[in-house]
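Open the model in your viewer and keep the sequence panel beside it. The stops below say what to select and what is there.

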Amino acid sequence: RFVELLNECPFFFKELAKVIDAGDYDRLAKAIVAVTRPAGRTLAVVRSIILSEFEKNCRQPGSIMRSNCIASKVSGGYSRTIGQQYLRGLLGDIVLDVCQQDAKLVLEVDPRKLAQLTGGGDAPSDA
């Protein structure tokens with residue numbers, strides 16, 4: 001019932017963000033996304049938290065959506081979640097097909113490591 005209450009009223013998340021130490025914003029952001037996602041309320045909560053950020057810093061526009069604020073952490077967590085789902089749906093089968101085609105397929109992009117893996121000559125220098 002507590003999770004339902006949180007999903008019905010984003011006010012609790014905004015107030016919780018006010019009393020949480022800034023060092024815990026990442027964990028709080030992940031928890032907010034995890035709690036609201038199953039109920040389909042994540043976007044509404046993210047909007048509410050962003051609105052609160054703008055209201056709080058309207059007189060200091062340079063402080064709005066700083067990288068260390070809860071609004072940026074929650075919106076970033078939401079974007080990663082949605083982006084991950086999208087990319088898995090779009091590219092997941094293609095990536096699996098490529099990886100399963102050839103067991104000897106080398107996917108390394110670092111030239112130094114690639115030279116070691118393939119038994120090639122000297123890797124190009126960074127000069």
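Is the crossing of α3 and α5 left-handed or right-handed? Select both helices and look: the crossing of α3 and α5 is right-handed. The model is a predicted one.

**Stop 1: α3 against α5**

Keep residues 25–36, which form helix α3, and residues 70–101, which form helix α5. Two packed helices are described by the angle between their axes and by the distance between those axes. For α3 and α5 the angle is about 50°, and the axes lie 9 Å apart. That angle makes α3 oblique to α5.

Now show side chains where the two helices meet.

- On the α3 side, select Tyr-25, Asp-26, Leu-28, Ala-29, Ile-32 and Val-33.
- On the α5 side, select Ile-70, Lys-73, Val-74, Gly-77, Tyr-78 and Thr-81.

Colour this contact by class: eight residues are nonpolar, two are polar and two are charged.

**Stop 2: α3 against α4**

Which residues of α3 meet α4? They are Ile-32, Val-33 and Thr-36, and in α4 they meet Thr-42, Val-45 and Ile-49. The contact of α3 with α4 has four nonpolar residues, two polar ones and no charged ones.

Ile-32 and Val-33 are worth a separate selection: these residues of α3 take part in the contact with α5 and in the contact with α4.

**Stop 3: Leu-117**

Move on to helix α6, residues 111–118, and select Leu-117 there. Is Leu-117 buried or exposed? Its relative accessible area is 57%, over the 50% cut-off, so Leu-117 is exposed. Setting aside neighbours within four places in sequence, Leu-117 is in contact with Val-106 and Glu-108. Next, draw a distance from Leu-117 to Val-98, which is 19 residues away along the chain; their C-alpha atoms are 19 Å apart.

**Stop 4: the whole protein**

Zoom out and show everything. The protein has six helices and zero strands, in the order α-α-α-α-α-α along the sequence. Its C-alpha trace spans about 60 × 40 × 20 Å along the principal axes. The radius of gyration is 22 Å, whereas a compact globule of 127 residues would have one near 14 Å.

Colour by accessibility to finish: 24% of the 127 residues count as buried. Among contacts with a separation of 6 or more, 44% join residues 24 or more positions apart.

How values were computed. Residues numbered from 1 in each chain as written. Predicted model: local features only at pLDDT ≥ 70, side-chain atom pairs only at ≥ 80, totals over all residues. Heavy atoms only, no water. Axes fitted to C-alpha atoms, helices over the stretch in contact; angles between N-to-C directions. Helix = DSSP H or I, 4+ residues; strand = E, 2+ residues; numbered from the N terminus. Parallel < 35°, antiparallel > 145°, perpendicular 65-115°, else oblique. Left-handed = near helix turned anticlockwise from the far one by under 90°. Contact = heavy atoms within 4.5 Å. Nonpolar A, V, L, I, M, F, W, Y, C, P; charged D, E, K, R; others polar. Rg over C-alpha atoms; globule rule 2.2 N^0.38 Å. Buried < 20%, exposed > 50% of the residue type's maximum accessible area, 1.4 Å probe, protein only.
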